[in-house]
Amino acid sequence: MGTSQSREDRITDSESEEDYEEEEQEEVQYDDALSDHQNAQSSSSTSSGTSKGLDDIDAKLKSLKLKYNSPQQSIPNLKNPVKLYLHIGGNTPKAKWVISEKLTSYRFTKVNDDGDDDSCWFLEVGSKVKAKVSTEMQLKMFGDQKRVDFVDKAVWALKFLTDEEYRNFVTLFQNCLFENVYVMEATEENKVKVYGKEFIGWMKPEAADDSVWEDAEDHSSDSTPVKRGQELMEEFEEAANGGVQSLALGALDSSFLVNDLGVQVYRNFNRGINAKGICVKFDAGSSRIGENSSNSTPKKALLMRAETNMMLMSPVKEGKPNANGLKQVDIETGKIVSEWKFEKDGADITMRDITNDTKGSQLDPSESTFLGLDDNRLCQWDMRDRKGMVQNIATSDSPVLHWTQGHQFSRGTHFQCFASTGDGSIVVGSLDGKIRLYSKTSMRQAKTAFPGLGSPITHVDVTYDGKWVLGTTDTYLILICTLFTDKDGKTKTGFGGRMGNKIPAPRLLKLTPLDSHLAGNNNKFHGGHFSWVTENGKQERHLVATVGKFSVIWDFQQVKNSAHECYRNQQGLKSCYCYKIILKDESIVESRFMHDNFAVSNSPEAPLVVATPMKVSSISLSGRQ
């Protein structure tokens, strides 16, 4: 456990060039001789014996067996000159930057990628680097050092000789990235086509209205986020008895892990979750979960009715999330009380995801409805019959969920994930990167549609008050503020009205290139979440996401702070790299904060639960120094 890597922050000559002592000595001798030569030239008009002094210096220069020409001779003939550094040693105490090429050049080239019809831009640096321009490079800018870091099978850094050359590189990189993503040239006209006039701040962040971020101070009395120096304490770690598939946290007495064997029950405490020793198994008993079930393990669990019932969704085909029905489990007895089918207008349909009507509706003992999402469908399902009574499966072999409201879109939506606010508004993320906001009264047309940045949205979350949306992509998280001022001067969210043309630019949450490289082979972000509150007036304090073996925690207030040090000297959209890391010994399935009910008085947050395929851990943000 710890913070982001500090060894990336600055490249010093002492650590990067120590493996090149011989060349360095020659370079120093050359510089000394050159300095003497220049001093002699400047004083030649007034000093005696100048000719002899110049002859001595020229002889000294000729005696050096230099392996390269002087900067005055080489740099003017070298297009796009840079120094190339390589990071070695990982996160060990011996980690350091070393020079890979003292002076080389870079270029952007367009080539066919794996036989695609469309050619793509690649970055080439000397003979060492050839990387496709993409967000997977995790390019990080250091404007004050005239430097960029990135990943290409290793962690590299480029240092530029002038600020102009540095800024020119960043502009070229961003233009090539735009063209690779959208397959069109990065002109102003094309950017307007992609983002729309209302989202001018997304393509020109310097022109965006940042006042909403500057005014985002959190005045709630209970907001005490994690500070530097505070440790993350592991309170519990237990075996999970099988390959964990999903985590269902409760706000009351219990939480649940769905694994290959069944549903394992945990007791909620202020320090985390602790196994009760109860497991509802997927066996073949007539009253248990296994009967008449598909062979696949449930991948999704949803708590309902004051957390006394659980909906389990199993995919029809392995590798795809879409399911054609649900199993409803009574948690107290461990029995299936119903096995539901998804049906519309007499035809069977599938759903790829389900969620509660609102952020807190799983606490409602009378809850009988929930939301469903498929590639081109957004709807609400009702477990009651059309007369409002709860259906009795004793009189029906296959009870059918009632489609109470929603919309089936003809094409082009490519929905992937969704979440609900405290009042029932809905945010939906799509394959094309778009994020749509739907009001609680209509699922037919989005009130606001954010264009995204080209990367598919794999998971989405929203704060209880609907003011902030967090989208997850493979390589970054995107934080969007939904607040705007309408024509009457009233402050609203994008769920309740169209946001107009003063839409603030989003913030990106990223790993440093070094941490991205260290996260492992499966180093894709997934499951970005806010901490969990279900009460008006309370503010979420942290954000968490999983990438490889890392669980990564950001301070929400710090991310919103426009004066935060991460945002200095950045071009383009602002990216935050200040976070804490929890490292596990295997890839993490899910990381979630427990409900705010379990935050103790001396802690800045409720415990974090981290589930791997074989273990579950509870992490306390207790503020111990």
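Predicted model: local features only at pLDDT ≥ 70, side-chain atom pairs only at ≥ 80, totals over all residues.
Let me start with Phe409, which is buried, at a relative accessible area of 13%, where buried means under 20% relative accessible area, exposed over 50% and partly exposed in between, with a 1.4 Å probe and protein chains only.

Residues are numbered from 1 along each chain as its sequence is written, and side-chain values use heavy atoms, with hydrogens and water left out.

The structure holds 21 aromatic pairs, and here rings of Phe, Tyr and Trp (its six-membered ring) pair if their centres lie within 6.5 Å, with planes under 30 degrees apart counted as stacked, over 60 as edge-to-face and the rest as tilted. Phe342 and Trp381 make a tilted pair, because their ring centres are 5.2 Å apart and their planes stand at 40 degrees. Phe342 lies in the loop between β17 (335-341) and β18 (343-344) and Trp381 in strand β22 (residues 377-382), so this pair ties together parts 39 residues apart in sequence; strands are DSSP runs of E, at least two residues, numbered from the N terminus. Phe342 is buried at 0% relative accessible area, and Trp381 is likewise buried at 0%.

Returning to Phe409 and Phe415, their pair is edge-to-face, with 5.5 Å centre to centre and 85 degrees between the planes.

Finally, ring pairs also link Tyr106, Phe108, Phe160, Tyr166, Phe169 and Phe173 into a cluster.

Notes:
Helix = DSSP H or I, 4+ residues; strand = E, 2+ residues; numbered from the N terminus.
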